[in-house]
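Here are my notes on the model you sent over. Have it open while you read them.

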Amino acid sequence: QVILKESGGGLVQPGGSLKLSCTTSGIDFSTFDMYWYRRTPGKQRDLVAVITTTDTTNYVDSVKGRFTIARDNAKNTVYLQMNSLKPEDTAIYYCNAQKSARQKWYDYWGQGTQVTVSS
């Protein structure tokens with residue numbers, strides 16, 4: 001059974017920081033590219049950041065310089081450090097694992113964790 005479990009969300013004031021974690025089980029974590037997505041009410045999930053199996057990272061423009069994605073293959077965990085948070089960062093944040101192997105696509109999601117940025 002594949003499980004992705006996000007944690008670390010909560011309520012924070014503008015300018016504050018949060019660190020999200022996504023712990024996985026049931027997958028060969030080091031072989032998956034890992035993503036963070038977010039969704040605000042009434043909108044689709046949008047990509048926030050990605051870290052590949054070779055530790056290449058990429059970010060949506062709105063979070064560049066504020067968010068950092070990292071992975072620890074020994075702990076089967078991916079992180080999202082969020083600094084200088086803004087009200088527009090308020091969303092449910094989802095962890096996603098993807099890979100293509102032997103002509104098959106693997107795509108797994110967590111349940112999400114709420115991040116609220118408000119004074």
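1. Cys22 and Cys95 are both buried, where buried means under 20% relative accessible area, with exposed over 50% and partly exposed in between (1.4 Å probe, protein chains only). Keep in mind that this is a predicted model, in which local features need pLDDT of at least 70, side-chain atom pairs count only at pLDDT 80 or more, and totals for chains, interfaces and linings use all residues. Residues are numbered from 1 along each chain as its sequence is written, and side-chain values use heavy atoms, with hydrogens and water left out.

2. Those cysteines, Cys22 and Cys95, form a disulfide with their sulfur atoms 2.1 Å apart; the cut-off for a disulfide is a pair of cysteine sulfur atoms within 2.5 Å. The torsion about the S-S bond of Cys22 and Cys95 is about -80°, so the disulfide is left-handed. It ties together distant parts of the chain, 73 residues apart: Cys22 sits in strand E3 (residues 18–25) and Cys95 in strand E9 (residues 91–101). Strands (E, at least two residues) are DSSP runs, numbered from the N terminus. A search of the whole structure turns up one disulfide.

3. Now for the sheet around E3. Four strands make an open sheet in the order E1-E3-E8-E7, with antiparallel pairing; two strands pair if DSSP finds at least two bridges between them. At the edges are strand E1 (3–7) and strand E7 (67–72), each pairing on one side only.

4. E3 and strand E8 (residues 77–82) run antiparallel and are joined by six bridges. Lys19 stands opposite Gln81 in E8.
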